[in-house]
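Please examine the sequence and the structure shown here.

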Amino acid sequence: MAENNWENFLKNLGEWEGSFTKISPQGEILDSTLSIINLEGLENNKLVKFRLRRFAGDSYEETPTQDYEQQYRSLGKQIIFFETGTFSKGSFQLAPFSEFGSEFGFIQGDRRLRCVLLYDRQNEFSNVTLIREFRSGSNAEERPPLTIDQLLGKWQGTAYSAYPDFRPVDKFETSLEVHKLDNNQIEQKLTFSGKTLTSTAQIQGNKLIFNTGDSPRQILLLPDGTSTNAPSKLELRKPFFLEVGWLVNEKERQRLIRNYDATGAWTGSTLVIEHKVD
């Protein structure tokens, strides 16, 4: 329901110090700027005031190069907040010759991690913006960069699927097994709703390249325990998904998935919370 969406949004209130980091499709860090985001609840939390400040230098004491404010009394249908406060936001529709993007936002205690995946007008994967945020005044720390070894093993999870029409959330169990193979490859086996999907990827530095199937895709292993899972190119008239993962700690990982159908329409978003069991 839309009312629940607003209540879940409110779990992000506070002042968050962080940075915006632009990353290439190959996983190379291009540039980074400091940021402060304020989400302030007013009028009994019926109104939320949003303020973003970005800084060119390496200090929050400097004059911001960007100072942007906006107020919200409701949320658009393109954004879904889950019960944890984690959210998925992005384009409703993939269309020819138009830019396409999605934002994925996680919150855990005094940490927020947001990640934006962008595609250019030719539907080629363009760049990643990684936004690492810490509640002001807290002792929250950044996670180390994600490694393949941290992903290996068996993960049991619960998935929550939410939809643009705010029908009740679907809940189901998942299982993910990741194993290292010879010749610098990994195999992953994903089980959910009675189906098992197996895929193999080639390890190339901080990238996992999946060439099986019609649409080649890659996983980037990034700072702060982050991973992105995205097609190299979006193809019209073919269903696809975009995913961002966050290793909250060595035994817990969260993944956000945004699904699109063969018409290019957004059909829903799924939050998976999984724990390493082996």
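## Overall build

The model is predicted. The chain contains 2 helices and 19 strands. Its radius of gyration is 19 Å, close to the 19 Å given by the globule rule for 278 residues, so the chain is as compact as a globular protein of that length. Taken along the principal axes, the C-alpha atoms fill a box of roughly 55 × 45 × 40 Å.

Of the 278 residues, 49% are buried. The chain exposes about 13400 Å², and carbon and sulfur atoms supply 48% of that area. When contacts between residues at least 6 apart in sequence are considered, 47% join residues at least 24 apart.

## The nine-stranded sheet

An open sheet is built from 9 strands in the order S4-S3-S2-S1-S9-S8-S7-S6-S5, and the pairing is antiparallel. Strand S4 (66-72) and strand S5 (79-81) stand at the edges; each has a single partner strand, so one side of each is left without a neighbour in the sheet. From one strand to the next, the twist averages 15°.

Within this sheet, strand S6 (residues 87-90) pairs with strand S7 (residues 100-108) in the antiparallel sense over 4 bridges. Gly-90 has Ser-102 in S7 as its bridge partner.

## Helix H1 against the sheet

Helix H1 (residues 2-9) packs on the sheet, where it touches strand S2 (29-42), strand S3 (47-55), S4 and S5. The direction of H1 makes about 70° with that of S5.

Asn-8 belongs to helix H1. With a relative accessible area of 10%, Asn-8 falls under the 20% cut-off and therefore counts as buried. Leaving aside residues up to four places away in sequence, Asn-8 touches Phe-81, Phe-82, Glu-83 and Gly-85.

Strand S18 (residues 252-260) is mostly covered, with 8 of its 9 residues buried. On one pairing, S18 runs antiparallel to strand S17 (residues 240-249), to which 9 bridges join it. A hairpin of 2 residues connects S17 to S18, and Asn-249 stands opposite Glu-252 in S18.

S18 also pairs with strand S19 (residues 266-276), in the antiparallel sense and over 9 bridges. Here the bridge partner of Glu-252 is His-275 in S19.

Notes. Residues are numbered from 1 along each chain as its sequence is written. This is a predicted model: local features need pLDDT of at least 70, side-chain atom pairs count only at pLDDT 80 or more; totals for chains, interfaces and linings use all residues. Side-chain values use heavy atoms; hydrogens and water are left out. Two strands pair if DSSP finds at least two bridges between them. Axes are lines fitted to C-alpha atoms, for helices over the stretch in contact, and angles run from 0 to 180 degrees between N-to-C directions. Contact means heavy atoms within 4.5 Å. Buried means under 20% relative accessible area, exposed over 50%, partly exposed in between (1.4 Å probe, protein chains only). The radius of gyration is taken over C-alpha atoms; the globule rule is 2.2 Å times the number of residues to the power 0.38. Accessible areas come from the Shrake-Rupley method with a 1.4 Å probe; for residues, only the protein chains shown count as cover.
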